[in-house]
Amino acid sequence: MEVPVYVFTGFLDSGKTTLLKDTLSSPDFETERTLIILCEEGDEEYDEQFLSANGAYVVTVESQEKLTDSLLVQCAKKFDPDQVMIEWNGTWPMSTLFDREFPKHWECVGIYSTVDATTAEMYMTNMRAMFLEQLSQSGLIIFNRTPEEMDRARMRRLIKANNPPAQIVFEREDGEMYDPADEPMPFDVTGPVIEIEDMDYGLWYLDAREHPERYKGKQIRFLAQVYRGRNLKPGTFVPGRFIMTCCADDIRFMGYICRFIGDFPYQQRDWVKVTVDFGFEYVKAYGEKVPVLTLREALPAKKPSQDPVYFT
C-alpha cells in the first residue's frame with residue numbers, strides 16, 4: 001500500500017504546527033502509526049500525550065544536510081508508518097525536500113501552507129522570492145490572523161501568478177473565514193465593457209454564474225477558443241477555455257452558449273477575441289437559469305502562451 005506524505009510549509013510561527021495537529025486529529029487522517037518529520041521547532045510543541053493519543057512519532061531534523069535519503073529509509077524501516085507528515089522549515093528551499101528520493105511506497109499527496117497575514121505584506125515586499133517559493137507547490141494556502149484592511153484580492157492575484165491552481169483561504173483574527181464573494185474582482189466591473197484577462201477567465205466563469213447581476217447589461221471581452229459541437233443549435237457556438245481545476249488529469253473546456261446572427265467563419269478550436277453581451281436566462285437543456293451570451297464581434301487571435309487557464 002502507498003504511504004501518503006503530507007507536507008506543511010510556511011515561515012516560523014505561521015501556524016504550521018497547529019494546522020498539522022488539527023489535521024492529524026481529524027477522523028479522516030486517523031491511522032495506527034503516523035511519522036512526523038519536524039524540520040523546524042516553533043512555540044507550539046508536540047507533547048507526549050498528544051502523540052500517544054494519535055499514534056504519532058516525531059523525528060527532528062536540525063539541518064538541510066541531515067535530511068538525506070538514508071535518513072528517510074531509516075525512518076521507514078524503524079516506524080513503518082501508515083502516513084507521514086512533514087513540518088517543513090520555511091527558510092529551506094522546497095527543492096531540498098523534492099530532490100530527495102522517498103522510500104518505496106512513500107508518495108507526496110498534499111502540500112499545505114500557512115501564512116501569518118499580519119506579516120505577509122512585509123515578506124512580499126522584502127523577501128518575495130523566498131516567500132513565494134514556500135507557496136509555489138501548495139494545493140491549499142491558509143492566511144490566518146487576516147486584518148480587515150488587508151488587500152486580499154491583490155495578495156490572491158500575486159500568489160495565483162506564481163501558483164495558479166492553489167486554493168487560497170483567508171481567516172479572520174477570530175478564526176472565521178472571509179467569504180471570497182466579498183473580495184473585489186481583479187477586473188473592473190463598473191464600466192460598460194468588462195475586459196477579462198487570461199489569468200482571470202476561470203474566476204469570471206464561476207462568478208458569472210454565481211453573481212450574474214454584476215454582468216447583466218454589460219459587454220464582456222475575452223480571448224477564447226471556438227466550440228461548435230453537433231449538440232448545439234444553429235446560430236450558436238461556445239467561446240470558452242480549457243480550465244485546469246486541480247491537476248493535468250482534470251482539464252475541462254468551459255464556456256457559455258453564445259448566439260450569433262449572420263455569417264460566422266470560425267471553425268472548431270479556432271482562437272478568437274470575442275466581445276459579447278451578457279444575459280442570464282432559463283435554458284431548457286440545463287433546466288435552470290444560466291449565463292447566455294450574444295455575439296457582438298469575433299476577431300481572429302493567436303494562441304496564448306498559457307493554455308489551459310486555472311480557476312482563480
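Buried, in this note, means under 20% relative accessible area, exposed means over 50%, and partly exposed is what falls in between (1.4 Å probe, protein chains only). Cysteine 75 is buried on that scale, at 4% relative accessible area.

Before the points, some ground rules. This is a predicted model, where local features need pLDDT of at least 70 and side-chain atom pairs count only at pLDDT 80 or more, while totals for chains, interfaces and linings use all residues. Residues are numbered from 1 along each chain as its sequence is written, and side-chain values use heavy atoms, with hydrogens and water left out.

1. Overall picture. The chain has eight helices and 15 strands, taken as DSSP runs numbered from the N terminus (helices are H or I, at least four residues; strands are E, at least two). Its C-alpha trace spans about 75 × 45 × 35 Å along the principal axes. Of the 312 residues, 49% are buried. Contact here means heavy atoms within 4.5 Å. Looking at contacts with a separation of 6 or more, 70% are between residues 24 or more positions apart.

2. The cores. A nonpolar core is a set of buried Ala, Val, Leu, Ile, Met, Phe, Trp, Tyr and Cys residues joined through side-chain atoms within 4.5 Å. The largest one has 30 residues, and Trp204, Tyr215, Ile220, Phe222 and Leu295 have the most contacts inside it. At least two residues each come from α8 (201-210), β9 (219-227), β10 (236-244), β13 (271-283) and β14 (288-300). The top contributor is α8, with five residues. Apart from this core lies another, of 23 residues, with Val3, Leu72, Val84 and Ile111 among them. As background, nonpolar side chains tend to be buried together in soluble globular proteins.

3. Not counting residues up to four places away in sequence, tyrosine 215 touches Met185, Phe187, Val189, Ile194, Trp204, Asp207, Ala208, Ile220 and Phe278. Tyrosine 256 is in the loop between β11 (251-255) and β12 (258-259), yet is buried at 4% relative accessible area. Its contacts, leaving aside neighbours within four places in sequence, include Trp204, Tyr205, Ala208, Phe237 and Pro291. Tyrosine 256 and phenylalanine 237 are 19 residues apart in sequence and 8.6 Å apart in space, C-alpha to C-alpha.

4. Lysine 216. This one is in the loop between α8 and β9. Leaving aside neighbours within four places in sequence, lysine 216 is in contact with Phe278 and Phe280. Arginine 228 is twelve residues from lysine 216 along the chain, and their C-alpha atoms are separated by 25 Å.

5. Helix packing. Axes are lines fitted to C-alpha atoms, for helices over the stretch in contact, and angles run from 0 to 180 degrees between N-to-C directions. Helices α6 (residues 128-135) and α7 (residues 152-162) pack at about 75°, axes 10 Å apart. They are therefore roughly perpendicular, the label for 65 to 115 degrees (under 35 is roughly parallel, over 145 roughly antiparallel, the rest oblique). Arg128, Phe131, Leu132 and Leu135 of α6 meet Arg154, Met155, Leu158, Ile159 and Asn162 of α7. That contact has six nonpolar, one polar and two charged residues, counting Ala, Val, Leu, Ile, Met, Phe, Trp, Tyr, Cys and Pro as nonpolar, Asp, Glu, Lys and Arg as charged, and the others, Gly among them, as polar. Helix α5 (residues 117-126) packs on α6 at about 115°, with axes 5 Å apart. The residues involved are Ala120, Tyr123, Met124 and Asn126 of α5 and Arg128, Phe131 and Leu132 of α6, dividing into five nonpolar, one polar and one charged.

6. Backbone spots to check by eye. Aspartate 307 and proline 308 are joined by a cis peptide bond, omega about 10°; proline 308 lies in the loop between β14 and β15 (309-310). Aspartate 80, not a glycine, has a positive phi near 45°. Aspartate 80 is in the loop between α3 (69-79) and β4 (83-87) and is partly exposed at 47% relative accessible area. Arginine 145 also has a positive phi, about 60°, without being a glycine. Arginine 145 is in strand β6 (residues 140-146) and is partly exposed, at 34% relative accessibility.
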